[in-house]
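This report is meant for a reader meeting the structure for the first time. It goes through the strands, the cores, the aromatic rings and a few single residues in turn.

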Amino acid sequence: SGSSDPYCVVKVDNEVVARTATVWKSLDPFWGEEYTLRLSHGFRSLTVYVLDEDTIGQDDVIGKVSLSRQQISAEPRGVDSWLSLAPVDPDKEVQGEIHLELWVPEQGHPRVLRCHLIEARDLAPRDLSGTSDPFARVSCCGHTLETAVIKKTRFPHWDEVLEFELAEGEPGEAVLSVEVWDWDIVGKNDFLGRVEFPLDTIRTDPTKGWFQLLPFPSTTEEHGGQLGALRLVVRLVEDRVLPPPYYQPLIQLLTEPILCPGQPPAGTALAVLEEVTSGESRQDVATKLVKIFLGQGLAVPLLDYLTTRELARTTDPNTLFRSNSLASKSVEQFMKVVGLPYLHDVLKPVVNRIFEEKKYVELDPGKMELSRSRRISFKGSLSEARVRESSLELLKGYLGDIVDAIVGSVEKCPLIMRVAFKQLRRRVEERFPSAQHEEVRYFSISGFLFLRFFAPAILTPKLFSLREQHADTRTGRTLLLLAK
């Protein structure tokens with residue numbers, strides 16, 4: 001079809017830690033998904049693979065972006081850029097470890113090197129079943145021996161001893177090579193990893209342990225961005241969490257203007273924090289503040305404090321809470337934290353129906369595909385007017401159900417949200433008391449509840465966990481028109 005169905009898999013070292021939704025039929029996918037990963041101090045690399053989902057057969061790997069710990073740590077503000085996809089060579093995408101024991105007995109002539117292949121673990125899956133059929137191939141002094149094949153496992157147990165006769169004299173630069181392969185009945189075997197030991201390091205005392213499997217030496221050529229690019233924002237934060245008493249002075253400082261409102265508002269810690277917070281960090285600051293104040297049972301007074309300060313600075317009610325201020329971001333974050341189950345309760349039935357019905361909806365004559373009209377009617381092609389009329393009818397039906405669900409959800413709305421908005425309405429009435437501004441008290445609340453809560457969830461249900469996958473192109477267009 002000339003397009004792909006891309007999704008991403010995120011790996012830390014060789015462990016899969018996240019998978020995005022699939023974006024269907026697109027060469028320019030947008031995911032907008034964010035993951036917080038708690039990592040060990042010893043992690044080495046972060047890799048994002050871009051794959052094309054196939055209904056039949058194995059998914060195709062398009063490319064990858066790899067970032068070492070050093071690369072991420074070198075950017076204090078984080079990595080935020082377009083990164084070219086690198087090709088993925090299956091022979092280099094190895095993982096897992098092998099358990100070996102090597103020794104050369106003192107007695108006997110000629111001398112013999114014994115390689116005890118015990119087991120392996122966490123091998124890369126090479127078969128459609130998500131497993132492999134691994135066997136080990138050991139080479140030394142011009143001879144090669146193999147173990148038995150263990151079917152359908154990533155954790156094979158061989159417990160086989162392979163023996164190699166050593167030539168007389170110094171070992172020189174000779175090595176023992178242990179390779180692990182996935183046996184295939186049709187086609188060539190797939191490489192799973194290797195490890196090498198110089199013969200001069202193998203003593204009469206057994207060398208035993210787990211050894212990490214490594215790829216073949218790199219011979220990959222640059223593809224010059226031909227595979228595309230991936231826009232990533234990656235930030236590494238190392239936090240040292242102290243016992244709760246250590247944070248009490250900070251919490252007291254932040255909550256002081258809420259608990260002791262008599263002091264001048266301009267000199268409080270919250271006021272200073274609001275002034276020095278830049279646009280790019282405002283979301284993070286708002287998230288932390290909401291969590292701290294929710295934990296103290298003071299989330300509503302916090303929002304009241306921030307919105308009252310913004311009201312005092314606003315002269316035109318038409319611009320009220322339209323900027324991404326600390327007050328707006330805090331209310332937005334507050335709704336997401338306390339209102340997500342409520343959002344699911346209200347919107348999920350309608351959103352699920354829109355995804356299942358997959359109706360063709362379009363109002364823009366420039367984007368109408370009249371050839372699709374057969375799916376709307378069996379009477380042959382429809383005119384633009386008929387398509388528009390049909391689309392309007394569908395949109396009104398969906399919107400009617402959405403509005404009815406919202407209006408009828410008062411009792412389901414969390415009490416803390418209702419209290420916060422009641423207080424906001426009162427503050428707006430105090431700031432703009434004249435009759436000509438009577439509707440501002442409603443706009444101020446609907447600006448948050450609809451523009452920053454319900455509408456974004458309708459536009460991209462995946463980002464609010466309303467759906468497991470992103471919408472296809474047709475459903476996405478319906479959701480966009482509904483959100484508008």
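Strand β1 (residues 6–12) pairs with strand β3 (residues 45–52) in the antiparallel sense, over seven bridges. The model is a predicted one, in which local features need pLDDT of at least 70, side-chain atom pairs count only at pLDDT 80 or more, and totals for chains, interfaces and linings use all residues. Residues are numbered from 1 along each chain as its sequence is written, and side-chain values use heavy atoms, with hydrogens and water left out. Helices (H or I, at least four residues) and strands (E, at least two) are DSSP runs numbered from the N terminus, and two strands pair if DSSP finds at least two bridges between them.

Four strands form an open antiparallel sheet here, in the order β2-β1-β3-β4. Because β2 (15–19) and β4 stand at the edges with a single partner strand each, one side of each is left without a neighbour in the sheet. The twist averages 25° from one strand to the next, where axes are lines fitted to C-alpha atoms, for helices over the stretch in contact, and angles run from 0 to 180 degrees between N-to-C directions.

## A lysine in the edge strand

K64 has its place in strand β4 (residues 60–68). With a relative accessibility of 18%, K64 counts as buried; the term buried means under 20% relative accessible area, exposed means over 50%, and partly exposed lies in between (1.4 Å probe, protein chains only). When its neighbours within four places in sequence are left aside, K64 is in contact with T47, V48, Y49, S84, L85, A86, P87, V88 and E93, contact meaning heavy atoms within 4.5 Å.

Strand β6 (residues 97–103) and β13 pair in the antiparallel sense over six bridges, and I98 stands opposite F211 in β13.

## The nonpolar cores

A nonpolar core is a set of buried Ala, Val, Leu, Ile, Met, Phe, Trp, Tyr and Cys residues joined through side-chain atoms within 4.5 Å. The largest has 44 residues, and those with the most contacts inside it are F334, M335, L347, M417, F421, F453 and F454. The elements that give two or more residues to this core are α5 (299–313), α6 (326–357), α7 (384–407), α8 (415–431), α9 (440–459) and α10 (473–483), and α6 gives the most, with twelve residues. Apart from this core lies another, of 26 residues, among them I98, L100, L117 and L166.

## Aromatic pairs

Rings of Phe, Tyr and Trp (its six-membered ring) pair if their centres lie within 6.5 Å; planes under 30 degrees apart count as stacked, over 60 as edge-to-face and the rest as tilted. By this rule the count comes to seven aromatic pairs. One of them is the edge-to-face pair of F197 and F211, at 5.0 Å centre to centre and 85° between the planes. This pair links distant parts of the chain, since F197 is in strand β12 (residues 190–198) and F211 is in strand β13, 14 residues apart.

Y342 and F453 form a stacked pair, at 6.5 Å centre to centre and 15° between the planes. That pair also links distant parts of the chain, with Y342 in helix α6 and F453 in helix α9, 111 residues apart. Both Y342 and F453 are buried, and one aromatic cluster is formed by Y342, F450, F453 and F454.

## Two residues with positive phi

Most residues other than glycine have a negative phi. D122, although it is not a glycine, has a positive phi of about 55°; D122 is found in the loop between β7 (112–121) and β8 (134–140). S465, also not a glycine, has a positive phi of about 60° and lies in the loop between α9 and α10.
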